[in-house]
Amino acid sequence: MTKIDVLLGLQWGDEGKGKIVDVLTPDYDVIARFQGGPNAGHTLEFNGTKHVLHIIPSGIFHDDKINLIGNGVLIEPNIFRQEIEALAEKGVDATRNLYISKKAHLILPSHRMMDAANEQAKGNSRIGSTLKGIGPAYTDKIARSGLRVGDIMADDFSERYHLLKVQHLQMAQTLRFDVDSFRIDGMTLDQYEELWMHSLDTLRRFRFVNSEYFINQCLRDDKKVLAEGAQAMMLDIDFGTYPFVTSSSTITAGVCTGLGVAPSSVGRVMGITKAYCTRVGAGPFPTELFDQTGRTLCEQGHEFGATTGRPRRCGWIDLPALRYACMINGVTDLFVTKPDVMNNFPQINMCTAYEIEGQRTDEIPFEYNTVPITPVLTSFEGWQCSLEGTTSYDQLPVQLRHYLATIEQQTGVSIRAVSISPDRKDVIFKQ
């Protein structure tokens, strides 16, 4: 029986997971998403074209590979339909190799309304939600009132749908939210609901499976499986910068609950980190840069959310957070992305510790959101040259290799590959 390998983000998301999954897919038989939903934005670029996926696994462009949406994923049927239609325009027929767990939960239009209502109610304490309905849908899942993919085949689906919608409308009224003025993509709730219902027909075209049996049978058949995470470690509901987190388990442990596999089935854990740091929305960010350097990182790195379009906050790489992520997830391999964004920097900094109330620490404190944190910075000489045309690790500038070696030394994890451009061909494997 083979092990299931895992690939996940180690920062606050947007590390380039989609691209690395796409690059690794030829080595696997099955690519399986295990958590998150349309709040994810996995960008792939090849043959001069950019592709953004939200719900569908990043192996979908390889038609000889199985792609699975696991039970831990949330599906918004209208967004799913739009993704399927966008793929079809590119000549990809996802019905051929995409399987969907019957136990995956659905995001209703009224979940998206509740997302907006909850954010409004928080006022200045809002977390910066993507407003895709993620939190309310996971709330209903935990409250045991949610609807799942398999339910759309049931005779009483419409009745159960409307019962849940009425509950959401009542909650919105309690929060004094103006439902009548609420819009999704310019449509009223009822108008969007009509489109949402129509989108269920697209969902029904796919093969629904008992995904826990499906994935374990794949492992017994010695198929190589790669579990694809969404968001990232520092947004995990338990170990991230709570409450400025997502609503799912983004870590290696989430693979077990999001796909239905035993902990003993997990093999290699591949973690993705940028050569610097970014995050979207509110929450602590000790190494954030508010000067021209930060703006340059944003501009040169095209740091705008694939899902929200919001500019990302940018800063130096944060090694206390990265070490923490490697520890929690049992990371065995590192992938480093986007060092090319800093090609023209004469000096590059790296946060190697925190200073809190005059004391130096390597740990992520419980009070991460509330205490002033000063990053302890180590400076590195920049490489100040283009990385274009580099085809081997040894060809990378010596300054960059020194920077990467420090990441390895500080985390205790070996770097497997470095991505030096958005294109899938520009991933430089170390060995």
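Predicted model: local features only at pLDDT ≥ 70, side-chain atom pairs only at ≥ 80, totals over all residues.
Local features need pLDDT of at least 70, side-chain atom pairs count only at pLDDT 80 or more, and totals for chains, interfaces and linings use all residues. Residues are numbered from 1 along each chain as its sequence is written, and side-chain values use heavy atoms, with hydrogens and water left out.

Visitor: Are helices α2 and α6 roughly parallel or oblique to each other?
Guide: Helices here are DSSP runs (H or I, at least four residues) numbered from the N terminus. The axes of α2 (residues 77-89) and α6 (residues 189-203) come within 8 Å and cross at roughly 55°. Angles under 35 degrees count as roughly parallel, over 145 as roughly antiparallel, 65 to 115 as roughly perpendicular and the rest as oblique. Therefore α2 and α6 are oblique.

Visitor: How many nonpolar residues does the contact of α2 with α6 have?
Guide: Contact means heavy atoms within 4.5 Å. The residues involved include F80 and I84 of α2 and W196 and L200 of α6. Ala, Val, Leu, Ile, Met, Phe, Trp, Tyr, Cys and Pro count as nonpolar, Asp, Glu, Lys and Arg as charged, and the others, Gly among them, as polar. Besides three polar residues and one charged, the contact has nine nonpolar.

Visitor: Is the crossing of α10 and α11 left-handed or right-handed?
Guide: Helix α10 (residues 319-329) and helix α11 (residues 398-411) pack at about 55°, with axes 9 Å apart. A crossing is left-handed if the near helix is turned anticlockwise from the far one by less than a right angle, and right-handed if clockwise. The crossing of α10 and α11 is right-handed.

Terms used: Axes fitted to C-alpha atoms, helices over the stretch in contact; angles between N-to-C directions. Helix = DSSP H or I, 4+ residues; strand = E, 2+ residues; numbered from the N terminus.
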